[in-house]
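I opened this model to look up its ring pairs, its strands and its nonpolar cores. My entries follow in the order in which I made them.

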Amino acid sequence: MPSSFALAMCALLTCGHYLPIGRATALLETLTGLHLATGFTARARRRAAKKLIATFLPHMKDLLATAPVLHADETTGRAAGALAYVHVACTEYLTLMHVGGRGSDDIDKGGVLKDFTGVLVRDGYAGYEHLPAIHAWCGSHLIRDLRSISDADPQGQLWATAMAHTLTAANTAAHRARSEGRDHLDPDTLATLINHYLGALAKGTTDNLGHRSELADKARTLIRRFRRYQDMILRFTTDLAVPWTNNQAERDVRPVKIQQRNGGGGWRTLQGLTEFAVVHSYLNTATKWGKNKYQALTELFTTGPWLPPALAPS
């Protein structure tokens, strides 16, 4: 029977420090003198995932469903020579990832977002539009979109610069209000921000009127987006519990790219990618709660998985 130490170390190196199976096996032998086959290292990850699927995943789905605010994002992972998508639903203290395609059905299969009715902070991907949540658009993505317009023609697309300044000023005002213990912006501040928002759109519409160029087309598309989704974009100004960006989800899903790069471009099998997503969800959540990754894995292989007791520490 393999020791909990060997199993925990194999899972730690492959899913907690993002080493490929072969390098993790060699490093473990160098550091500890354990002579393990690469197959053992791969099976350790598989055993960890199997234990987590039985108890940790259902517990996480139940917790996340009760969160007032969730972050969601997706990234690509290459497995078995093809692209798959890794989806994440998370909070400051919880992380849950699953693997599938990119469609709305694949998002639903994560078991969290399909029936979630709180606030969902996400990017502009249309695959989220069917969800019943109250949607909030990530400000960082919008700033990048605005910068791509303004950088191409700083004088001709002043509206984009003005809109970026409006959004950053709104974020500053929201931070100030939170630091002062308020749960909303004062009416005058909010009215001024909305006036600047609409003014930037009006200028962009006028300045691009009748222009026939690729840049003007992109500007008009972005202006329509800002008009259509004004409530989503400004959600963080009307509900101060909502953050301006989706950085939480982007950070939580980034290890997929780190592991892929370290592993020479991808996973040998889709099962391997799925196992990584499950075990990383566990380790990331444990880290958010201040638990040591190795201790969390040792617990997993001895007494069973550690489970976060609530949405956040009391």
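**Ring pairs and charges**

I looked up Tyr197 and found it buried, with a relative accessible area of 0%; buried means under 20% relative accessible area, exposed over 50%, and partly exposed in between, with a 1.4 Å probe and protein chains only. Phe226 also counts as buried, at 0% relative accessibility. The ring centres of Tyr197 and Phe226 lie 5.9 Å apart with their planes at 55°, so I noted the pair as tilted. For pairing, the rings of Phe, Tyr and Trp (its six-membered ring) need centres within 6.5 Å; planes under 30 degrees apart are stacked, over 60 edge-to-face, and the rest tilted. Tyr197 is in helix H8 (residues 187–207) and Phe226 in helix H9 (residues 214–228), so this pair ties together parts 29 residues apart in sequence. Helices (H or I, at least four residues) and strands (E, at least two) are DSSP runs, numbered from the N terminus.

Before going on, I noted the ground rules. This is a predicted model, in which local features need pLDDT of at least 70 and side-chain atom pairs count only at pLDDT 80 or more, while totals for chains, interfaces and linings use all residues. Residues are numbered from 1 along each chain as its sequence is written, and side-chain values use heavy atoms, with hydrogens and water left out.

I counted aromatic pairs next: the structure holds 10. Tyr125 and Tyr128 form an edge-to-face pair, because their ring centres are 5.7 Å apart and their planes stand at 85°. Tyr125 counts as buried at 18% relative accessibility, and Tyr128 is buried with a relative accessible area of 1%. Ring pairs also link Tyr18, Trp267 and Phe276 into a cluster.

What sits over the ring of Tyr125? I found the charged end of Arg102 there, 3.9 Å from the ring centre. A charge sits over a ring if NZ of Lys or CZ of Arg is within 6 Å of the ring centre and within 35 degrees of the ring normal. The charged end of Arg122 sits over the ring of Trp137, 6.0 Å from its centre.

**Strands**

I traced strand E1 (residues 69–79) to strand E2 (residues 82–90): the two run antiparallel and are joined by 9 bridges. Strands pair if DSSP finds at least two bridges between them. Ala72 has Ala89 in E2 as its bridge partner. The E1 and E2 hairpin has 2 residues between the strands, and Ala80 takes a positive phi near 55° in it.

E2 also pairs with strand E3 (residues 95–100), antiparallel, over 6 bridges. Cys90 stands opposite Thr95 in E3, and the hairpin of E2 and E3 has 4 residues between the strands.

**Cores**

I then asked which residues touch the most other members of the largest nonpolar core. Of its 62 residues, they are Leu70, Leu113, Leu120, Tyr128, Val279, Tyr282 and Leu297. A nonpolar core is a set of buried Ala, Val, Leu, Ile, Met, Phe, Trp, Tyr and Cys residues joined through side-chain atoms within 4.5 Å. Helix H1 (residues 4–16) gives the largest share of this core, 9 residues. A second, separate core of 30 residues includes Leu142, Ile149, Tyr197 and Ile233.

**Helix H14**

My last entry is H14 (residues 270–288), in which 15 of the 19 residues are buried. Gly290 follows H14 and has a positive phi near 85°.
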